[in-house]
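Please open the model in your viewer and keep the selection tool at hand. The tour below goes from one selection to the next and says what is there at each stop.

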Amino acid sequence: SDHRFVHAYQSLLWNRVASERTQRYGVDKPVVGDLVLAEQEQEGKQDIKVKRVTEADLASNSVSITDVVLPLAGYDVQYPEYEGDERDLFEKQLADDGLTKEDFRSSHSEFHMKGTYRRLLHRPMDFSWSVKPYSNTEDVLMPSDGDMLSSQFSAPEDSASPDKPGAAGSESELALCLSFSLPRSCYATVFLRELMKQPMGKAHHMALQADVAAAAADTNAEPSSGSKNAKEEEEGQSMETSVVGDAPLPQGAAAANVVDGPQDDAAAKEEG
């Protein structure tokens, strides 16, 4: 339906504004003009009330960066307003596309969007990790519920025992296994990108696979001088300056919030 296109645009707009807000002010703390949910308000419910962050809020440490929300554009939401801006960030992005906020109010129901709010950042819940040795790249190290229910599935043998393949001292690989929970409109891929400081795009992973295949085909090749090639240097620099979507997370690793929609949009990532 046409709703999907409008929702996709709302997500794209959210991502652009999230990226610009992060480039300007970082993601360490809220700033005057940010929006936070009013007390007792719950994200996702109808008729959410928000308030703008003031100097008094910052002085009392009553709000944190994980309280900050951005609107999914609509005719019945408030927008953040930052000092020195003649127009808010949403107005600028809409103007670039030849639109205004009033364009979300329409006599056609598929284009009539009230709007809502999504948090800029979320901290992952129920987080745990483990390191598992393995020697077979086909091993299922973290079986899904479907795997566990399948009669064809057999869990890999415990390789922690010193008398089994893959134990310490043998030619095994190590896998870092992460387990965590995120609320809706957040993506695990975004959290992993921020944690590893690696791009999550298809092109990057295809390049990684090509590197692995090349290394396997020439296991006796001598290592190079140790200098990175131009592509690796460029990727390293891009991760140092990435923003949300591709923004570095504050100390303690909060998960970047991405609205349903495309994950690579603005100057940098998603809730798109």
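Two rings of Phe, Tyr or Trp, the six-membered ring being the one taken for Trp, form a pair if their centres lie within 6.5 Å. In this model, which is predicted, ring pairs of this kind join Phe127, Phe180 and Phe191 into a cluster, and the structure holds five aromatic pairs.

**First selection: Tyr25 and Tyr82.** The centres of these two rings are 4.9 Å apart and their planes stand at 35 degrees, so the pair is tilted.

**Next, Phe127 and Phe180.** This aromatic pair is stacked, with 6.4 Å from centre to centre and 25 degrees between the planes. Here too the pair links distant parts of the chain, with Phe127 in strand S6 (residues 125–134) and Phe180 in strand S7 (residues 173–181), 53 residues apart. Phe127 counts as partly exposed, at 39% relative accessibility.

**Then helix H3.** Select Leu89, Phe90, Gln93 and Leu94, which are the buried residues of H3. If you look down the axis of H3, these buried residues fall within an arc of 125 degrees, so they line one face of the helix. Just after H3, Gly98 takes a positive phi of about 75 degrees.

**Now Tyr79 and Lys101.** Turn the view to the face of the Tyr79 ring, over which Lys101 lies at 4.0 Å from the ring centre.

**Last, strands S3 and S4.** These two strands pair in the antiparallel sense over four bridges, and Val69 stands opposite Arg119, which is in S4. In a regular strand the side chains alternate between the two faces of the sheet. Which residues cover the two faces of strand S4 (residues 116–119)? Thr116 and Arg118 are on one side and Tyr117 and Arg119 on the other, and all of them are buried, with both faces of the strand covered.

Terms used. Residues numbered from 1 in each chain as written. Predicted model: local features only at pLDDT ≥ 70, side-chain atom pairs only at ≥ 80, totals over all residues. Heavy atoms only, no water. Phe/Tyr/Trp six-rings, centres within 6.5 Å; stacked < 30°, edge-to-face > 60°. Buried < 20%, exposed > 50% of the residue type's maximum accessible area, 1.4 Å probe, protein only. Lys NZ or Arg CZ within 6 Å of the ring centre and 35° of its normal. Arc of directions from axis to C-beta. Pairing = 2+ DSSP bridges.
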